[in-house]
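Thanks for coming. Please look at the model while I talk.

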Amino acid sequence: MTVWGAAAVDEAAGAGVVHVGARDVVTPLARERARELGVEIVVGSPTALVSPAALPTAGPPLATRPLPDPASVSARPGSAPRPVRPPSGALFRRGAPLAPSSGRPSPRRGSAADGRGGRVARVGRVVVVGAGNVGMIAAMRLADADTFDEVVLVDIDEGRAAGIALDLSHTAALSGFTTRVRGVGTVEEAGHAAYVVLTAGRPRTPGMSRSDLIATNAEIVGDVAARVARTSPDAVIVVVTNPLDEMTQHAWVSSGFPPQRVVGMAGVLDTARFQALASLAGAGAADGVAAWALGSHGEEMVIPLSQATAGGRPILERVGPADLDAAVDRARGSGAEVVGLLRSGSAFMAPGMSAARMVLAMVADRGDVMPAAVLADGSYGIRDVYVGLPARLGRGGVLGIVELDLRPAELAALREAAERIRERLGALT
Ligand SMILES: NC(=O)c1ccc[n+]([C@@H]2O[C@H](COP(=O)([O-])OP(=O)(O)OC[C@H]3O[C@@H](n4cnc5c(N)ncnc54)[C@H](O)[C@@H]3O)[C@@H](O)[C@H]2O)c1
């Protein structure tokens with residue numbers, strides 16, 4: 001299956017016709033562009049003319065998009081164990097394309113493994129800003145996926161970016177990827193990207209909270225986000241730099257991007273930590289645990305146990321409440337625990353893998369639902385602040401927020417987390 005974007009229609013404008021396969025997907029933006037340019041979209045044979053409106057799309061209007069059965073929602077992390085309400089869709093103008101028309105690299109007519117046994121159309125370039133520990137692991141996973149034409153590492157320490165890139169490129173035969181890897185000193189030298197993973201900034205040192213990083217990292221994140229907006233005006237930015245929720249909102253403001261194209265990574269990592277800890281507590285294999293780490297990436301992290309399952313059954317059937325509470329507490333403090341052991345730098349393997357997983361989920365465009373820092377749109381009674389919520393991801397970023405059936409105390413904790421983030425953002429401005 002190939003996903004046909006607007007750029008493919010632009011390319012075919014001279015010929016006046018685009019031939020697509022019967023199982024291909026034509027994005028809403030491509031259909032809109034075809035109408036504008038008078039390009040016909042032909043399915044199957046050149047004689048079988050099909051109206052663009054009759055084609056399957058990658059993104060039907062959200063309010064009408066049926067949610068998959070909860071059992072089929074992406075399980076790593078967080079298959080929703082209970083029925084979920086549809087995405088609110090309030091982030092979007094109904095029927096609007098998810099990304100502006102200019103410049104998004106069109107999927108190539110090749111395809112690559114999506115890491116789950118399927119194939120996805122290749123994408124041009126992903127840029128990882130910050131070739132430190134987290135950036136290095138994220139870049140490695142992104143190259144390994146063999147989904148992009150190019151992975152580019154950017155760091156103010158240009159030699160580090162180039163060195164990591166060269167080292168990573170030497171693993172091509174070992175991992176079996178054809179993706180090119182480059183390391184440069186600026187976002188501009190990296191060139192236009194479809195996705196940008198933003199890890200530039202300082203990590204914590206022992207005794208520091210993530211919030212202690214806010215002033216230093218806000219300067220870096222604001223500058224990088226503004227540069228990304230100029231170089232790659234249609235990119236999706238995945239923010240990793242801490243303090244995560246505040247930096248994601250800051251990147252959104254600094255980039256001027258629509259909120260669906262700026263998303264923060266923390267919940268995927270925090271959920272993975274809980275899955276590992278619940279497994280140690282007797283819940284069975286870590287990847288058989290489904291849960292959601294929501295709220296803030298820090299003290300106000302919320303892991304609603306009403307939504308957690310192990311082996312498809314409520315997790316409380318396998319692990320006692322005291323042990324589960326201990327697992328939640330330890331997941332909340334896992335970052336500090338790693339910082340304390342390392343004494344220099346913070347966790348990077350699970351964070352780098354988590355960031356790459358989000359990007360690859362977007363590229364695969366399966367509509368996976370993952371916990372992510374997104375701009376709250378009124379769902380859960382929260383609005384206008386970035387906070388960790390279950391988000392449906394697609395090629396253009398966040399497709400919508402999914403509402404879980406939380407208990408009153410869980411909902412209250414989530415709202416409290418949002419308010420604390422809002423307060424810290426107030427101090428930043
Ligand atoms: N969201 C999460 O779940 C999560 C998890 C772990 C780490 N983090 C955060 O991610 C960030 C990176 O962590 P790390 O361990 O990779 O740190 P690191 O120090 O190893 O790497 C950061 C890199 O950013 C580079 N950098 C600084 N300013 C830059 C700029 N303006 N442009 C380009 N590069 C620049 C530095 O030279 C350095 O190589 C930290 O803020 C850390 O707290 C977040």
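Arg343 lies in the loop between helix H11 (334-342) and helix H12 (349-364). Helices here are DSSP runs of H or I with at least four residues, strands are runs of E with at least two, and both are numbered from the N terminus. The phi angle of Arg343 is near 65°, a positive value in a residue other than glycine.

Before I go on, two notes on the source. This is a predicted model, in which local features need pLDDT of at least 70 and side-chain atom pairs count only at pLDDT 80 or more, while totals for chains, interfaces and linings use all residues. Residues are numbered from 1 along each chain as its sequence is written, and side-chain values use heavy atoms, with hydrogens and water left out.

The peptide bond joining Asn242 and Pro243 is cis, with omega about -5°.

Now the ligand. Which residues come nearest to it? Of the 26 around it, they are Val134, Asp155, Arg202, Val240 and Met265. A residue counts as near if one of its heavy atoms lies within 4 Å. By class, this shell has 14 nonpolar, ten polar and two charged residues. Nonpolar means Ala, Val, Leu, Ile, Met, Phe, Trp, Tyr, Cys and Pro; charged means Asp, Glu, Lys and Arg; the others, Gly among them, count as polar.

Next, polar contacts, which are pairs of N or O atoms within 3.5 Å; within protein, one must be able to donate a hydrogen and the other to accept it, and residues adjacent in sequence count only if both atoms are side-chain atoms. An N or O atom in the side chain of Asp155 is 2.6 Å from an oxygen atom of the ligand. A polar backbone atom of Ile156 is 3.4 Å from a nitrogen atom of the ligand. For Gly201, a polar backbone atom is 3.4 Å from a ligand oxygen.

The space taken by the ligand is the largest pocket. A molecule sits in a pocket or cavity if more than half of its atoms lie within 2 Å of its grid points. Those points come from a 1 Å grid over the protein atoms alone: a cavity is a set where a 1.4 Å probe fits but cannot get out, a pocket is an open set with protein on both sides within 12 Å along at least five of seven lines, and lining residues have an atom within 4 Å of a point.

The volume of the largest pocket is about 770 Å³. Among the 39 residues that line it, Thr199, Ala200, Gly201, Arg202 and Thr241 are closest to its centre. H7 gives the most to this lining, with five residues. The lining divides into 16 nonpolar, 15 polar and eight charged residues.

How many cavities of 30 Å³ or more are there? The count is two. For volumes, grid points are joined across faces, edges and corners, and the volume is the space filled by probe spheres set on the points.

The largest cavity has about 60 Å³. Its lining has 13 residues, and Asp245, Ala266, Gly267, Gly295 and Gly388 lie nearest its centre. Six of the lining residues are nonpolar, five polar and two charged.

The second largest cavity holds about 30 Å³ of space. Val127, Val187, Gly191, Ala193, Val196, Val228, Thr231 and Ser232 line it. Five of these are nonpolar, three are polar and none is charged.
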